[in-house]
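Morning, everyone. Please put it up on the screen.

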Amino acid sequence: MSSAPTSIADPRYPVGKFHYREPQSAEERTQLRRRHIDTLGAMPGHFRHAVHGLTEVQLDTPYREGGWTVRQLIHHVPDSHMNAYVRFKLALTETDPMIKTYEEQLWAELADSRGTPIDVSLLLLEALHARWVVLLLMLKEEEFARRFVHPEHGPMSLEKALSMYAWHSTHHTAHVTELRKQKGW
């Protein structure tokens, strides 16, 4: 996986920052929802492909100056998406539940995020996304309007959360693919 070195404006956001725009029609909502679910379904394979063949030294390389290592990213994504999956289930079974936040940076510093073989998290991500996609495909239209309440950001619909985690999937995959381009890996 090598190509000419490239440069992106802000290496923290290789696909741009997350922006949510409410769909303007039922048709647009259905199309966007399907695209986001497809992104979540394909993400584990894309992520596995992005990290395939990296050496231990490459896995321990930060994706940007001051950023996490590729290994930490690999472990962060299932951590984040497990929290997201639980948040979806809470929103589907409770009325506007207040969710618990977690310290992503501190989780990334724990021993399991630094020393667990990456295949453990890649397999976890595959299984988690398989379950998550099944859940999403079974939701009724009105269920996407259900919400959870984030202590810092307020209420968030499952529609918006789906969009955000689809972005999150491409965001972190791009961290790896952009690093590979930059390093010629």
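First, a term: buried means under 20% relative accessible area, exposed means over 50%, and partly exposed is in between, with a 1.4 Å probe and protein chains only. By that scale K181 is partly exposed, with a relative accessible area of 32%.

Now the ground rules. This is a predicted model, where local features need pLDDT of at least 70 and side-chain atom pairs count only at pLDDT 80 or more, while totals for chains, interfaces and linings use all residues. Residues are numbered from 1 along each chain as its sequence is written, and side-chain values use heavy atoms, with hydrogens and water left out.

Back to K181. Which residue forms a salt bridge with K181? That is E178, with the closest N and O atoms 3.3 Å apart. A salt bridge here is a side-chain nitrogen of Lys or Arg within 4 Å of a carboxyl oxygen of Asp or Glu. In general, side chains of opposite charge can pair when their charged atoms come close. E178 is buried, at 18% relative accessible area. Both E178 and K181 sit in helix α7, residues 158–183. They are three residues apart, about one turn of the helix. A word on naming: helices (H or I, at least four residues) and strands (E, at least two) are DSSP runs, numbered from the N terminus.

How many salt bridges does the rule give? The count is 14.

Take D60 and R71. Their closest N and O atoms are 2.8 Å apart. D60 is in the loop between α2 (56–59) and α3, R71 is in helix α3, and the two are eleven residues apart. Buried or exposed, where does R71 fall? R71 is buried, with a relative accessible area of 5%. D60 is partly exposed, at 41%.

Next, D96 and R147. This salt bridge is 2.7 Å, N to O. D96 lies in the loop between α3 and α4, while R147 lies in strand β1, residues 147–150. That pair spans 51 residues. D96 counts as partly exposed at 32% relative accessibility, and R147 also counts as partly exposed, at 34%.

Salt bridges link E22, R29, R33, E141 and E159.

On to helix packing. Helix α3 (residues 70–93) packs with helix α6 (residues 118–138) at about 25°, their axes 9 Å apart. Axes are lines fitted to C-alpha atoms, for helices over the stretch in contact, and angles run from 0 to 180 degrees between N-to-C directions. So α3 and α6 are roughly parallel to each other. The cut-offs: under 35 degrees is roughly parallel, over 145 roughly antiparallel, 65 to 115 roughly perpendicular, and the rest oblique.

Stay with α6. L122 is in this helix, and L122 is buried, at 4% relative accessible area. L122 and P44 are 78 residues apart in sequence, yet 6.9 Å apart in space, C-alpha to C-alpha. S121 and F88 are 33 residues apart in sequence and 21 Å apart in space, C-alpha to C-alpha.

Last stop, helix α4, residues 104–109. L106 lies there, and L106 is exposed, with a relative accessible area of 53%.

That's the tour. Over to you.
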